[in-house]
Amino acid sequence: MNIAETMKSEWNRRAKHHARYWVATEDFHDDRKFAKSGKNTANALLSRVAPYSNSSWSILNIGCGVGRVLKPLASHFQHLIGIDISGEMIAHSKQWLNELNNVETRETSGVDLHPFRNESFDLVYSFVAFQHMPRPVFARYLEESHRVLKIHGYLAFQIPVGVPLDTAIEDTITMRQYGTHELAEELQRCGFQLIGETHLDTNIQSSNRMEPNCGIYLAKKSGAVIRPKNTCWLQAECGQAFSLLDTRMYVWYAEQCLQAGREKEALRTYEALRQQSPDSLEKWIGTVEVLVERGKLDEAQDTLEKLTVALPTYQALNTLLEIQKPHLKSNIS
Ligand SMILES: C[S@@+](CC[C@H](N)C(=O)[O-])C[C@H]1O[C@@H](n2cnc3c(N)ncnc32)[C@H](O)[C@@H]1O
């Protein structure tokens, strides 16, 4: 698979698991909380663009997910389009946005803004999406945003800025972090003038994945793209990666299920994780813990036997003893 195919298949997997969880990790539980998180983000964006915006604007949202932020923005602008690489996310967005007739959402390639003509939008915005993309994809979206923005159009986006951090190109979830100069230079190369940055407070998006230095950056289209980057990476084959953050997100979801008394769902999540990445320990242990807590020691034993097949070097017996220790202790006392 190339990087576009990899991003598509992985975001579809996440959206199939639980679309809202993967877009708003702490606010996915009910409609009211989810809507409030979208409103908070929309308000931050609105206050950032307020000095320049008007209600006749046409808006494009890159990586719109299920339309969390599009929904509260709909009453402020004339026409809004959301695009996302994941067809599954877009299917959910149709439900979440179904009463709005000035908002449309579409599945796209994930590496360009191909369906849209030059100079067709007043504002392009993106929130908690660029940070998950490999650097060349982000760079290409900047170039493409420049193309589809009207003269003097605006680009508003969130990105973590600090010590530059990167990861493997095939990792579609771990957050990339940009250096201040790196971001300024990239914007300049793509024909944007940075107007300013707003630091986000914890109310705007209450996910613990937010770094304190995540801001909304506002830039104005001001010149031509200088030296468009080459796109040879687009067709290159890339490997498969199941990142640590992916694992943690599933494990965290399973833990929340357990706290809410939804053990079956937790077990299903551990099972799904084991299929994705059988050589990682956390999912096996999670399953065993749940089974032991439920008194299903035979099933726990069975899972540990499967673990030793998947990971022959692992000392399953030690794990069983560790997990059973508190139960054994309470039986002894
Ligand atoms: C964490 S979610 C955030 C969704 C939305 N922006 C929000 O704030 O509710 C990231 C979204 O970006 C989308 N995405 C990831 N890579 C993408 C790409 N290369 N092009 C377009 N969308 C992408 C994912 O499918 C997912 O819906």
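The residues of the shell around the ligand comprise 14 nonpolar, 5 polar and 2 charged members, where Ala, Val, Leu, Ile, Met, Phe, Trp, Tyr, Cys and Pro count as nonpolar, Asp, Glu, Lys and Arg as charged, and the others, Gly among them, as polar. The structure is a predicted model, in which local features need pLDDT of at least 70 and side-chain atom pairs count only at pLDDT 80 or more, whereas totals for chains, interfaces and linings use all residues. Residues are numbered from 1 along each chain as its sequence is written. In total, 21 residues surround the ligand, the closest being Trp 11, Gly 63, Gly 65, Arg 68 and Gly 110; a residue is taken as near a molecule or strand if its C-beta atom, placed from the backbone, lies within 6 Å of it. Helix α1 (residues 3-23) supplies the largest share of this shell, 3 residues, with helices (H or I, at least four residues) and strands (E, at least two) being DSSP runs numbered from the N terminus.

The largest nonpolar core has 63 residues, of which Ile 59, Leu 123, Val 124, Tyr 125, Leu 155 and Ala 156 touch the most other members. Such a core is a set of buried Ala, Val, Leu, Ile, Met, Phe, Trp, Tyr and Cys residues joined through C-beta atoms within 7 Å, and a residue is buried if 20 or more other C-beta atoms lie within 10 Å of its own, exposed if 12 or fewer, and partly exposed in between, with C-beta atoms placed from the backbone.

Gln 193, in strand β6 (residues 192-199), counts as partly exposed because it has 13 C-beta neighbours inside 10 Å. Leaving aside neighbours within four places in sequence, Gln 193 is in contact (C-beta atoms, placed from the backbone, within 7 Å) with Ala 219, Lys 220 and Ser 222. The C-alpha atoms of Gln 193 and Lys 220 are separated by 5.2 Å, although these residues are 27 residues apart along the chain.

Glu 119 lies between β3 (103-107) and β4 (121-126), and is partly exposed because 14 other C-beta atoms lie within 10 Å. Val 128, in the loop between β4 and α5 (135-148), counts as buried because it has 24 C-beta neighbours inside 10 Å.

Key
Two residues are in contact if their C-beta atoms, placed from the backbone, lie within 7 Å.
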